[in-house]
Amino acid sequence: MAKAASAPLPTGSVIGVLGGGQLGRMLALAAARLGMRCHVFEPEANCPASQVADHTTTAGYDDLAALLEFARNVDVVTFEFENIPDSALDAIAAEREIRPNRRSLATSQDRLAEKAFLASLGLTVAPYAGVSTMPELQQAVATIGLPLILKTRRFGYDGKGQVRLKVRQDIDSALSLIGAVPSVAEGFVEFERELSVIAARSHQGQIVCFDPGENVHVDGILDTTTVPANVTDAVIDEAKAIARTILDALDYVGVMGVELFATATGLIVNEIAPRVHNSGHWTQNACAVDQFEQHIRAVIGWPLAGGERHSNAVMKNLIGDDVNDTALTGTAGLHLYGKAEVKPGRKMGHVNRLSKKTP
Ligand code: AMP
């Protein structure tokens, strides 16, 4: 059974990418710059990544024969989204190494496991409790207090799978609103700002963090990331130290997005994403090596680049009709994802605006 060797993969190697969205597209572009080829696995035809990848398999995650064939035709496998079924991962893992590892993916797939893992590292998380039944929800409200946020344990993204409870009357409808699935109740954090650290760890354990970005969400979707974040050097150092602790604990290989709340009393870890991250897109224009190349470097066993930025940056997501707004698209630093249909709430592209670097 030929798994990826721990030696660096040579030029011309094939990286298997599970998921063919914009993150897969930008991974494939970065891989091509390094002389690598990408083979994308994605259920939907004409996905953003397939337009630029060397090869695409269009098949579902339940098609084990297609998954096996895919795995046998690549040298190593990575992924651009988290919600990959275990059965698909089992089939691939029998043939090829998956980077980042499955423990990292499993931890991030389940918000309850994720919170317990982060807390076990001594990191601060919002008060939380696992909730599946009404008595458990009532107990969580009694312990944590209101307001709180109920989040599905699995399959949440861009603020989906969340219900906010402000007053006691909200308790009655919360479980049906969330879809009666296993959930986590989380204390509402009065944050001053939201930050994220995009961090990379190599196969050899080298860790490089990009400068933390400051994120603003609109309707649960990331709107802008600004770098540098408006925080002290001590907070920047602490944010990077938190990311290092997490990556080391998971023996992680690849890029991870670590989302943090900055509060008056310190940093609280919100969640981790074991992949390249929307809040790291600014690195494409403000750094010599961006998060996508850094991820590819890690996955193919190459040394990481330094991660320094040469400019300040504001990344603005182009959501839905934004993509037709020439005031937004008429500047340098434009990245479009090749999605044919414009839909409200759909990420169509982003633009990175640069300015002179301040520390
Ligand atoms: P998430 O899916 O966990 O990243 O949540 C999406 C967004 O909801 C976050 O970026 C925050 O703006 C907000 N949010 C999530 N959890 C909390 C919390 N415990 N307290 C306050 N705001 C939160």
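Ala 180 sits in the loop that runs between helix 7 (170–177) and strand 8. This is a predicted model, and in it Ala 180 takes a positive phi of about 55° although the residue is not a glycine.

Two other loops hold a backbone feature of another kind, a cis peptide bond. Pro 100 has its place in the loop between helix 3 and helix 4, and the bond joining Arg 99 to Pro 100 is cis, with omega about 0°. Pro 147 lies in the loop between helix 6 (134–144) and strand 6; here the cis bond joins Leu 146 and Pro 147, again with omega about 0°.

The axes of helix 3 (residues 86–93) and helix 4 (residues 102–109) come within 12 Å and cross at roughly 175°. An angle over 145 degrees counts as roughly antiparallel, so helix 3 is roughly antiparallel to helix 4. Helix 3 brings Asp 86, Leu 89, Asp 90 and Ala 93 to the contact, while helix 4 brings Arg 102, Leu 105 and Gln 109. By type, the residues of this contact split into three nonpolar, one polar and three charged.

Helix 4 also packs against helix 5 (residues 111–120), at an angle of about 110° and with the axes 5 Å apart. Angles of 65 to 115 degrees count as roughly perpendicular, so that is the description for helix 4 and helix 5. On the helix 4 side, Arg 103, Thr 107, Ser 108 and Gln 109 take part, and they meet Arg 111, Ala 113, Glu 114 and Phe 117 of helix 5. This contact is made up of two nonpolar, three polar and three charged residues. Gln 109 turns up in the contact with helix 3 and in the contact with helix 5.

On to the ligand. There are 16 residues around the ligand, and Lys 151, Glu 186, Val 189, Glu 194 and Glu 271 come nearest. By type, the shell divides into five nonpolar, four polar and seven charged residues.

| Side chain | Ligand atom | Distance |
|---|---|---|
| Arg 111 | oxygen | 3.2 Å |
| Glu 194 | oxygen | 2.6 Å |
| Glu 259 | oxygen | 3.3 Å |

How much of the ligand's accessible area does the protein cover? On its own the ligand has 480 Å² of accessible area, and the protein covers 94% of that. Several strands each give two or more residues to the shell: strand 6 (148–152), strand 7 (162–165), strand 8 (183–187), strand 13 (254–263) and strand 14 (266–273).

A few of these pieces link up.

Key. Residues numbered from 1 in each chain as written. Predicted model: local features only at pLDDT ≥ 70, side-chain atom pairs only at ≥ 80, totals over all residues. Heavy atoms only, no water. Axes fitted to C-alpha atoms, helices over the stretch in contact; angles between N-to-C directions. Helix = DSSP H or I, 4+ residues; strand = E, 2+ residues; numbered from the N terminus. Parallel < 35°, antiparallel > 145°, perpendicular 65-115°, else oblique. Contact = heavy atoms within 4.5 Å. Nonpolar A, V, L, I, M, F, W, Y, C, P; charged D, E, K, R; others polar. Near = heavy atom within 4 Å. Polar contact = N/O pair within 3.5 Å; in protein donor to acceptor, adjacent residues only side chain to side chain. Areas by Shrake-Rupley, 256 points an atom, 1.4 Å probe, with all protein chains shown as cover.
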